Amino acid sequence: MKVTDKPIVVSQTFNASIDTVWNAITELHQMQQWFFENIPDFKAEVGFKTQFNVASEERNFLHLWEIAAVIPEQKIVYLWKYEEYTGSAFVTFELAENNNQTILTVTNTVLEDFPQNIPEFKPESCLGGWEYFIKNRLKDYLNKSL
């Protein structure tokens, strides 16, 4: 993924209230159920930082997250980097209400180019990852918990 790439956008409508979806994307215990089970800590507070590793085949991806912006029950923005690789992105989770449902839109905007020779950093891999997490994992999690 490069700065010149269009942002990756994934949207999903949930049959759940905004506060339910907000809690699912900002409370550590819930995030561990659908997002990354090894997130050690999380707070929806500007400046909060956390890190955790995700292994993919023979590569490690030490995730470095820093919360850049928070508007409770509306928006949270992560600065997303990896310890071992160049590149950074803003990942924005935005919530909107529509007819007693909640629309979650995730936007991944590259700030600094990621290595082009690593498959996980290709735009289609990023899109597939967000679709998996939002349209499958989070949707299934919310459907089970309602």
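Accessible areas here come from the Shrake-Rupley method with a 1.4 Å probe, and for residues only the protein chains shown count as cover. On that basis the protein chain exposes about 7700 Å², of which carbon and sulfur atoms supply 47%. This is a predicted model, in which local features need pLDDT of at least 70 and side-chain atom pairs count only at pLDDT 80 or more, while totals for chains, interfaces and linings use all residues. Residues are numbered from 1 along each chain as its sequence is written, and side-chain values use heavy atoms, with hydrogens and water left out.

**Fold and dimensions**
- The protein chain holds three helices and six strands, where helices (H or I, at least four residues) and strands (E, at least two) are DSSP runs numbered from the N terminus.
- Read from the N terminus, the order of elements is β-α-α-β-β-β-β-β-α.
- The C-alpha atoms fill a box of roughly 45 × 30 × 30 Å along the principal axes.

**Burial and contacts**
- Of the 146 residues, 42% count as buried, meaning under 20% relative accessible area, with exposed over 50% and partly exposed in between (1.4 Å probe, protein chains only).
- Where contact means heavy atoms within 4.5 Å, 52% of the contacts between residues at least 6 apart in sequence join residues at least 24 apart.

**Thr92**
- Thr92 lies in strand 5 (residues 85-98), and it counts as buried because its relative accessibility is 14%.
- Apart from neighbours within four places in sequence, Thr92 is in contact with Lys75, Ile76, Val77, Thr105, Val106 and Thr107.
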